[in-house]
Amino acid sequence: MDSTEWYETVFVVGRRLNAGTFDNRNCKVFDKNGFHWVVEEQFYIRFKLPEDPCKWNQEQVHTWIKWAENEYNLKNVNTDHLTVNGKQLTSDNFCWNIAALEIKSPTDDFWTHVCLLKTMHKVYIKQKDEECIDIPTLLNYKNKMFSTSDFNHNIEIWRFLLNLLTDSEYQNVIEWVDNEGTFKIIKPNTVSIMWGLVKNNWKMDYSKMAAALRYHYGKGIIERAKGKFVYKFSGDIKSMIGHSPLDMKNMFQQQSV
């Protein structure tokens, strides 16, 4: 994994190409609310346009905007006079000069779509049926990780999770369940991407992370517990971190007051 960064309104986790852009086939894209965005393959199948919008001619840009009007329910938008090609459309200095679009919120899905059109050079749509990732937590972890020159990318997954559990900044994505070493991953998508950052693996998801956890079952380190996304450390947690899980939870609560 080469980079994770913001482009206007989107967050990209993935591999860069030589040209400096991200490889669409080797990245994950999220908006500022944590929704996952993916390439809309059906758009290309239906309209048979060049994959890169920079290569669209004026007629192809018009085809795209008519699709977008329907996809994003753009009301009272007159785009008949929009006479630009794809290179102009995706340039940084392009101005829409269409009142109905200019008053739309920067957080609107249409503008996220346009941002991705410009930065990723592909037609993206939002996946609405997935768990949103926690962008602030992910950015915080990424910044901490890259600010530490001796960060250990070879850390084992059980230690990675234990580190999160002993840091109050991550109690919104993972938390202790009891005083016996049981914990729950509250936001598995977010935690799995954090683990992917550690291992330089943009393809990391919860199923792959869970497989890594299963490798440690029966070794006296970690095991499954009752409940979805619930696990338990097999060893004596107090001897490992100097505090019991209940002590840690109490300290976190005091810090947040």
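Which residues does aspartate 167 touch, not counting residues up to four places away in sequence?

1. Aspartate 167 touches Lys144 and Phe252, where contact means heavy atoms within 4.5 Å. Aspartate 167 sits in the loop between H7 and strand S6 (174–176); helices (H or I, at least four residues) and strands (E, at least two) are DSSP runs, numbered from the N terminus. Its side chain also reaches the backbone nitrogen of glutamate 169 at 3.0 Å.

2. A quick word on the basis: this is a predicted model, in which local features need pLDDT of at least 70, side-chain atom pairs count only at pLDDT 80 or more, and totals for chains, interfaces and linings use all residues. Residues are numbered from 1 along each chain as its sequence is written, and side-chain values use heavy atoms, with hydrogens and water left out.

3. Beyond its neighbours within four places in sequence, phenylalanine 160 is in contact with Tyr141, Ile155, Val191, Met194, Trp195 and Val198.

4. Do look at valine 29 too, in strand S3 (residues 22–31). Valine 29 counts as buried because its relative accessibility is 1% (buried means under 20% relative accessible area, with a 1.4 Å probe and protein chains only). Setting aside neighbours within four places in sequence, its contacts include Val10, Phe35, Leu116 and Tyr124.

How values were computed:
Buried means under 20% relative accessible area, exposed over 50%, partly exposed in between (1.4 Å probe, protein chains only). A polar contact is a pair of N or O atoms within 3.5 Å; within protein, one must be able to donate a hydrogen and the other to accept it, and residues adjacent in sequence count only if both atoms are side-chain atoms.
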